[in-house]
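Please find my notes on this structure below, as numbered points.

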Amino acid sequence: MSGAPVPPAASVLSVQHLSVLAKDRPILSGVSLDFAGRSLTAVVGPSGCGKTTFIRSLNRMVELTPGLRVEGTVLYVGQDIYDPHVNPVLVRRRIGMVFQRPTVFPMSVFENAAFGLRLVHESEEEIDKAVSEALRRSGLWDEVKDDLDRSALSLSGGQQQRLCIARALAVRPRVLLLDEPTSALDPAATQRVEATMQRLKEEIVLVLVTHNVGQAARVSDRVAFLHSGRLVEVGPTADILERPRDPLTVQFITGRFE
Amino acid sequence: MATANPMTRMLTPEDLLTDRSLRTRWRIGFDRAVGWVLPLLFGVAILPILAVVYYVGSRALPTLTVTVLTSTSLTAGVDVLGVPIICTFEIMAVATLLAVALGLFGGIATAEFLPDRLAGWIRTTANMLAGTPSVVMGYFGYFTFVLYFGWGLSLISGAFTLAFFMTPYVFRTADLAFTSVPRHVREAAYGSGAGPLQYILRIGSRIALPQILTGVFLAMAIGVGETAPIVLTTAAATIVPHSLFSPATFLTALIFANYGSSLGAGYVNVAFQAAFILIVVVMLLNVLVRIVSARYQKKLEGLYL
């Protein structure tokens, strides 16, 4: 499912001393974090703590915002994604992303899921196979299999978001970044997206940004707590949420921020 | 019981929901008056349009026959519109093609690739170009294409001059259409591994196309009604042009040349017929603009969900 085998101990994604600056004001300062094997890491923190900037810097999406400067390294299976010889487009194909707002393209369900594959000119046969696989992995297959040609805009918000996940999965990325994927969804749709995340974390590396501690508790293996652009604490979900060591973390999970 | 209600006992003058003060009555009266005056002003505004359609139609229609529209031979005593119609069609085709090519590429480059400052300068320049008096444009075309390029008074000189007049309208809508694609759609495309060119060809153009089409129709409606750029760059041809470099004419040029004679009795109302055709064409183009932009609205509603 997740491409060629990687040595189990090696981290797929390794963030080292990552800083992001707007002019000279740091949004993120010196964050170091490793993402290994198959896991789901929840990045939590109060509004404006830099969690969205953090996740956007893991596949160079941050570069689409003018005026931001990135320092430090992000290694994807040993290669620095910010190396000048690296093509950001290829980075984003290996490290997929799902956004806060479900954003399907104005075309059919099938073509939405096939979008990334068409970009690399896969054969029709391969596209058919990859699209149905991706729709199954995202948990949308049963709802759309009878009419893959319907417009994606006719889907509900939750279905659209799972289609976005399928679109990202179709090119078989090894890492999937999820930036508050349920914040625009109702509870039922949220639950389905969470179930999808739980299945996917057995297959690839997931990085989930969420402002919802409950969601982190439900789906993540590990929680990283960011505050004012710094990584305050990181550890297994149960440890961080039940026995936080840092007073800032205590304040956050007991709801004294936001 | 009602008097026992504590709320009722505590009513103050501020609780009254009606007031008969002069100011309020004046305001309500004014609102009503506006409701009458605005439709009236609208009627006054469209009166000239209706008058033009009626007058031109009543002069043109009685003599407008299929022969007049299609015949290209100048038999004695009968003016026919075949040549100007064919010329208009050909000039518009070449001019539209050129204006779309220039405007589209310029618009996409400005919206997607150029640095903000340069893009700003180009937008200003395009607006200035759109505001240039058409006779100045004609003069520019005359010197550039007719004389400097040596194309003479010809179909292609007219088409190129007209194209420069139409380009800003295509440019502006293409630029606007691409810049107004929602940011999250752009990010989703990049996040799915699309490069800039793939984003433009597969996603951006799909969303921008209807708006660009309205720009093209608008440019055509404006172009087909221009007179000065054509009169200065094409000869008043009386036969169908056999190449791009042949003399040509235009429906508006025909009106320009014949309006004097058509007022006199005994002459065929060729200017009125040309004017009537132009009015119909421009109206059709405007209806197309309305239809396409309505569909565009519908499409974007889904995306802004």
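1. From the N terminus on, chain B runs α-α-α-α-α-α-α-α-α-α-α-α. That comes to 12 helices and 0 strands, where helices (H or I, at least four residues) and strands (E, at least two) are DSSP runs numbered from the N terminus.

2. The model is predicted: local features need pLDDT of at least 70 and side-chain atom pairs count only at pLDDT 80 or more, while totals for chains, interfaces and linings use all residues. Residues are numbered from 1 along each chain as its sequence is written, and chains are lettered from A and ligands numbered from 1 in the order in which they are written.

3. Chain B has 305 residues, of which 38% count as buried (20 or more other C-beta atoms within 10 Å of the residue's own, with C-beta atoms placed from the backbone). Of the contacts in chain B with a separation of 6 or more, 76% are between residues 24 or more positions apart; a contact means C-beta atoms, placed from the backbone, within 7 Å.

4. Chain A has an open antiparallel sheet of 4 strands, ordered S2-S1-S4-S5; strands pair if DSSP finds at least two bridges between them. Strand S2 (25–36) and strand S5 (79–80) of chain A are the edges, each pairing on one side only. Strand S4 (residues 68–76) of chain A is antiparallel to S5(A) over 2 bridges, and A:Leu75 has A:Asp80 as its bridge partner in S5(A).

5. The contact between the chains takes 20 residues from chain A and 18 residues from chain B. On the chain A side, helix H2 (88–94), helix H3 (109–119) and helix H6 (157–169) each supply at least two residues, and the largest share, 4 residues, comes from H6(A).

Note on methods. Two residues are in contact if their C-beta atoms, placed from the backbone, lie within 7 Å. A residue is buried if 20 or more other C-beta atoms lie within 10 Å of its own, exposed if 12 or fewer, and partly exposed in between; C-beta atoms are placed from the backbone.
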